[in-house]
There are 2 protein chains.
Amino acid sequence: MDYKAILSQKGHRLSEPRKQVIELLQQSKVALTPQQIHQALQQKNCKLGLVSVYRTLELLTELGLVTVVYDPQLNPGYMLSTLGHHHHIVCQGCHKAFEFAGSNDIDQLIKRVEKETSFQVSDHLLQLFGLCPDCQQKATGGGF
Amino acid sequence: MDYKAILSQKGHRLSEPRKQVIELLQQSKVALTPQQIHQALQQKNCKLGLVSVYRTLELLTELGLVTVVYDPQLNPGYMLSTLGHHHHIVCQGCHKAFEFAGSNDIDQLIKRVEKETSFQVSDHLLQLFGLCPDCQQKATGGGF
DNA sequence: AATCTAATTGAAAACATTTTTCAATAAGGA
DNA sequence: TCCTTATTGAAAAATGTTTTCAATTAGATT
């Protein structure tokens, strides 16, 4: 998906800081905090303020291009997200996160809870936590 | 459930600040931030430091007696939680939150994603958002 | 290519939140 | 009642986020 193109199409300027943040996020397998993004880009000799990182993330979130990923052991981080209804599964070993598609499993649960509570559900937050294949091996294979 | 009894049973002292925080949370229908808890208790003439609120919440979370509730419009708040696997449904109108029980809907989804990703899933974060019955009425009945 | 204009930026300050430190206090067993 | 040690509170430090505003720059206009 061409995040930069989407930005322009929606009438936002394709500034240097925005390009940098997007490119960094595209390469990252883990969710990144604003500070991490800022530091990583400084080290690449991209001169941009931490403030711009915050503002870029805010904008990308508004446009639905970025998702917040919670991790009990870490500060909330940001990842680029595919359009459509996706959630993240996060590895507690290496913190890599991957998207998975929502499906009718969750729809059924929502319908059930709507009946039980009389709520009208319009959104949800779902994340799975566990160990990725690599970290499973390290946990068993590398054990004592 | 007797939260105070559980505290003592696990070898923790039943101090005044801890009692106050627990009692306040027991009465609250919305998730509360540390600051909100601190302020509310100050107004009730309970003298306790904000630091103790943080520490009490940390302890209760460790013991699994308290759950963090995320709300896109608010800072993360804390609620007492029933034991067993429960999640929260949060009203975007009045921010009241209720527990609902996890079930095999979610188990099926987890199994599916485990197959798709080869992760070993050990935990998850699930919250629903929407309108509670009261706020649904206000939204339609109170319209123009 | 040069000009223009408003969106965007960066630096500093303000603000907010969370954690650490350490002496004083108080819970609960002896 | 005394004693021990977990717990507290106040202040400071650390951390994280938002606001402000003059300077810059993307991209449309000429």
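Chain A contains six helices and five strands, where helices (H or I, at least four residues) and strands (E, at least two) are DSSP runs numbered from the N terminus. The model is predicted, with local features requiring pLDDT of at least 70 and side-chain atom pairs counted only at pLDDT 80 or more, while totals for chains, interfaces and linings use all residues. Residues are numbered from 1 along each chain as its sequence is written, and chains are lettered from A and ligands numbered from 1 in the order in which they are written.

Along the sequence, the elements of chain A follow the order α-α-α-α-β-β-β-β-α-β-α. The C-alpha trace of chain A spans about 50 × 50 × 25 Å along its principal axes. Of its 144 residues, 28% count as buried; a residue is buried if 20 or more other C-beta atoms, placed from the backbone, lie within 10 Å of its own, exposed if 12 or fewer, and partly exposed in between. Among the contacts in chain A with a separation of 6 or more, 45% involve residues 24 or more positions apart, two residues being in contact if their C-beta atoms, placed from the backbone, lie within 7 Å.

Two copies of a chain are related by a rotation about an axis and a shift along it.

The contact between the chains takes 31 residues from chain B and 31 residues from chain A. On the side of chain B, the elements that give two or more residues are β4 (97-101), α5 (104-117), β5 (120-131) and α6 (133-141). The largest share, twelve residues, comes from β5(B). By class, this side of chain B has 17 nonpolar, ten polar and four charged residues; Ala, Val, Leu, Ile, Met, Phe, Trp, Tyr, Cys and Pro count as nonpolar, Asp, Glu, Lys and Arg as charged, and the others, Gly among them, as polar. Because 100% of the interface residues of chain B are also interface residues in chain A, the copies meet through the same surface.

Two packed helices are described by the angle between their axes and the distance between the axes. In chain B, the axes of helix α3 (residues 34-43) and helix α4 (residues 50-62) come within 9 Å and cross at roughly 125 degrees; axes are lines fitted to C-alpha atoms, for helices over the stretch in contact, and angles run from 0 to 180 degrees between N-to-C directions. That makes α3(B) oblique to α4(B), given that angles under 35 degrees count as roughly parallel, over 145 as roughly antiparallel, 65 to 115 as roughly perpendicular and the rest as oblique. P34(B), I37(B) and H38(B) of α3(B) make the contact with L50(B), V53(B), Y54(B) and L57(B) of α4(B). By class, six of these residues are nonpolar, one is polar and none is charged.

Helix α2 (residues 16-27) of chain B also packs against α4(B), the axes coming within 10 Å and crossing at roughly 70 degrees. That makes α2(B) roughly perpendicular to α4(B). The contact is formed by P17(B), R18(B) and V21(B) of α2(B) and by S52(B), V53(B) and T56(B) of α4(B). These residues divide into three nonpolar, two polar and one charged.

Backbone geometry was also examined in the loops of chain B. N45(B), in the loop between α3 and α4 of chain B, has a positive phi of about 65 degrees although it is not a glycine. N45(B) is exposed, with 6 other C-beta atoms within 10 Å. S118(B), in the loop between α5 and β5 of chain B, is likewise not a glycine and has a positive phi of about 65 degrees. S118(B) counts as exposed, with 12 C-beta neighbours inside 10 Å.

In chain A, P76(A) lies in strand β2 (residues 74-80) and is partly exposed, with 13 other C-beta atoms within 10 Å. Not counting residues up to four places away in sequence, P76(A) touches V68(A), V69(A) and Y70(A).
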